[in-house]
Amino acid sequence: MRRATNYAILRFMAWRFILDNHWYSDTGRHGLGRVKSLQINNPKRLAGDKSKSIDARPLLFPINCQLPSNETKRKKKLPLSSIGDCYLSLSLKSDSMARTSTKQSDKNKVGVFFLATLLLWSVSVLFEIAFNKRKELLFIVAGACFFQIANWVIRLLVSRDPLFVNTSVSLLHSTITSVSVVFIVVNQWLRNGLNGMFEHSELVGSAWLWAYPALCFSCGYFAYDQWDMLQYRLYSGLIPGILVHHLLLLVCFTLALYRNVTINYLILTLICELHSIFLHVRKVRRMAGIRDSKSRIVRVEWVLNWITFFLARIASHLLITIKLIRDASKFEKGIELPLALFGMAGMNLLNVSLGIDLFNAFKREKNPQQTSYHRRK
């Protein structure tokens, strides 16, 4: 009687699992070979019951339940508790798979949206170059091609890890852009002095020497980086901040380049790439395994990280925003002022978010043991 009861419980649990998850065949409704199953032709023997009166219909179990081998089953009976554990673990695994599938679906939708915007932007740029004869915009194409070639070289010679390659190319862009912006500003200062250099008419209506090509080249990088992150899914969240950041820059930069206005303003916003150098250096350093917060290299890097964050990113963008607000009455009617204010508001919000993430990363590196304890807890 006891064996018959055990076998009845076993059959109930097995069929309950099968019906709940709709696994009726060897591959199951979830398919694609992700979940395989095992058909047990003699469940009576597995349950340890030799009565002929008990139904011997085959049972279907996923292979991942780790049922014992035939040799083990011959030596001893399978405890009922292990079947229960198997049922519980597989149910939890099924829930986890469902959650993962939902997240993957959301990520696909986000990727499709940003990919569509990138394609529209690309068509717009190519149209301007081909039909409106804007040959100066070829620097955008040159920038995108240059950083894509850098991507291939690093992937071929250094590492094939998509995150490492992407970060290395971003470090290259930050370095080139920082040097270019400093050179453009210093060159303009030495040629004409500071007098009138930051006047409204100079910042809005003209372009310093090499400012236009430098802005085009950097715009090409953001297009490349957007594509690379979408291709390898190097983003997270329902609204990925990095993709929003790149889309915002592509829209603002491209419209300014089309209309040839606020070029010098946008060059000044790129001073923040000085801070981006140390952001990318930190990421590369961690991927290289250098994570000791007490080492001199890490300490110096964090000092430079915070200094450039507040000076090159927070202070510079706030000053540009204040300048735009003060000179609002000097702008002509059109899209320039609303677009500039919208772009700087978005940049300042992203800077605040970046600062919070940076502070959390600093705390994690400073107290790695405490962080690890809280994660386990």
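A residue is termed buried under 20% relative accessible area, exposed over 50% and partly exposed in between (1.4 Å probe, protein chains only). The structure is a predicted model, in which local features need pLDDT of at least 70, side-chain atom pairs count only at pLDDT 80 or more, and totals for chains, interfaces and linings use all residues. Residues are numbered from 1 along each chain as its sequence is written, and side-chain values use heavy atoms, with hydrogens and water left out.

**Aromatic pairs**

- Rings of Phe, Tyr and Trp (its six-membered ring) pair if their centres lie within 6.5 Å; planes under 30 degrees apart count as stacked, over 60 as edge-to-face and the rest as tilted.
- Trp302 and Trp306 form a stacked pair, at 6.1 Å centre to centre with 25° between the planes.
- Trp302 and Trp306 are likewise both buried; they are separated by about one helical turn because they stand four residues apart in helix α12 (residues 296–326).
- Ring pairs join Tyr221 and Tyr224 with Phe146, Phe147, Phe217, Phe222 and Phe253 in a cluster.

**Helix assignment**

- Helices (H or I, at least four residues) and strands (E, at least two) are DSSP runs, numbered from the N terminus.

- Asn351, in helix α13 (residues 336–366), is buried, with a relative accessible area of 2%.
- Neighbours within four places in sequence aside, Asn351 is in contact (heavy atoms within 4.5 Å) with Phe309, Arg313, Ile314 and His317.
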